[in-house]
Each structure stands twice: as structure tokens, then as C-alpha cells.
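Try each task on your own before you read its solution.

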Amino acid sequence: MAIERTFSIIKPDATKRNLTGKIISKFEDAGLRIVASKRIQMTKAQAEGFYAVHKERPFYGDLCSFMTSGPVVVQVLEGEDGIAKNREVMGATNPADAAAGTIRAEFAESIEANSVHGSDAPETAAEEIKFFFTDDELVG
Ligand code: GDP
């Protein structure tokens, strides 16, 4: 195992319900450190670019609308085996399948409004971090 950085988003359904702190506690309790964080209103162009990999999926338009429907918190998390650890803390995409105690099991409203995003591999983590942060915004 190695120390890895991964990209995280606290999605609009969670910011709307004032759950930012509770979600951040889950990351910190799991040993993940927040090395960059900002609350932003994502533009349509940013959402479409960020989720371009899902362009052909039937839910792409709805997903981009949802991600621009309110503020989000974009973050870089760091920790031992950070990419997998973050996915573990998040839980399965569909909250109905998410393990007890995970963020999505506790907080998600639906398969779309599922409270958090997390990178799924080292390559996507690096790309996604670059999409929202410059190097000098990662402050350890
Ligand atoms: P993730 O890596 O667990 O976030 O899941 P995916 O990469 O497969 O999907 C990206 C995001 O698209 C998810 O987090 C959901 O917000 C949304 N999504 C995934 N599957 C569906 C679906 O079947 N319907 C809708 N409406 N949204 C979905």
C-alpha cells in the first residue's frame, strides 16, 4: 500500500441538506486527510466535461443538471490506499446496495443524488484533481 491522493465531490443533495461536516467526518475518521477543498457552483460546461465518460449513458443529461443544481464541495483526499479507502467509505453507487455505515447508505437520496463522488483509479484521480485544482492549491 502507498499514500495516494484521490478526488472527491460532496454533491448538491448533500450541501443542500447541510451534511458537509458529517461527510467530511467520515473521511477523516477513516484516516483520509483533506489536502485541498473548495465550495463551488459547478458550471454546465464543467459538469459536462467532468462526466464526459458517461456521455452515451441515458442519465447523462439529468446527471449534469443535478450536479449544477446547487453548490458542491470539491476536495482532494490523501491517505494510505486513499483511492480504494475513499470508495469504501462512500459505499456502492446505488444507496440500496451500499453497506451499512457508508456515506451513501446513511445520506444518499437516490442512485443519482448519492451525496458523493470519488475517483475509481489512479489515472482518473490524477485527471480529476487537475480538472478542479492547480498544484499550488494542494497544501497538504
Ligand atoms: P460512481 O463511480 O459510484 O459515482 O458511479 P458511476 O461512475 O457509475 O456513475 C457516476 C454518477 O452517475 C453516479 O454517482 C450517480 O450520481 C449517477 N448515476 C449512475 N448510475 C445512474 C443511473 O442509473 N441513473 C441515474 N439517474 N444516475 C446514475
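**Exercise 1.** Sort the shell around the ligand by residue class.

Solution. For the classes, Ala, Val, Leu, Ile, Met, Phe, Trp, Tyr, Cys and Pro count as nonpolar, Asp, Glu, Lys and Arg as charged, and the others, Gly among them, as polar. Now check it against the names: Lys-11, His-54, Phe-59, Leu-63, Arg-87, Thr-93, Arg-104, Ile-111, Glu-112 and Asn-114 surround the ligand.

Before you go on, two notes. This is a predicted model, where local features need pLDDT of at least 70, side-chain atom pairs count only at pLDDT 80 or more, and totals for chains, interfaces and linings use all residues. Residues are numbered from 1 along each chain as its sequence is written, and side-chain values use heavy atoms, with hydrogens and water left out.

**Exercise 2.** Find polar contacts of the ligand, meaning pairs of N or O atoms within 3.5 Å.

Solution. Step one: a side-chain N or O atom of Lys-11 is 2.9 Å from a ligand oxygen. Step two: Asn-114 also uses its side chain, with a polar atom 2.9 Å from an oxygen of the ligand. Step three: Glu-112 takes part through a backbone N or O atom, again 2.9 Å from a ligand oxygen.

**Exercise 3.** Which residue's backbone oxygen does the side chain of Thr-102 reach?

Solution. First place Thr-102: look in the loop between helix H5 (82-90) and helix H6 (103-107). Helices (H or I, at least four residues) and strands (E, at least two) are DSSP runs, numbered from the N terminus. From there, the Thr-102 side chain gets to the backbone oxygen of Ala-99, at 2.7 Å.

**Exercise 4.** Say whether Thr-102, Asp-81 and Glu-127 are buried, partly exposed or exposed.

Solution. Use the cut-offs: buried means under 20% relative accessible area, exposed over 50%, and partly exposed in between (1.4 Å probe, protein chains only). Thr-102 has 7%, so this residue is buried. Asp-81 has 26%, so call that one partly exposed. Glu-127 has 55%, so this residue is exposed.

**Exercise 5.** What is the phi of Ser-115, and where does this residue sit?

Solution. Phi is about 70°, a positive value although Ser-115 is not a glycine. Next, find the loop between H6 and strand E4 (116-118): Ser-115 is there. Last, Ser-115 has a relative accessible area of 0%, so this residue is buried.

Note on methods
A residue is near a molecule or strand if one of its heavy atoms lies within 4 Å of it. A polar contact is a pair of N or O atoms within 3.5 Å; within protein, one must be able to donate a hydrogen and the other to accept it, and residues adjacent in sequence count only if both atoms are side-chain atoms.
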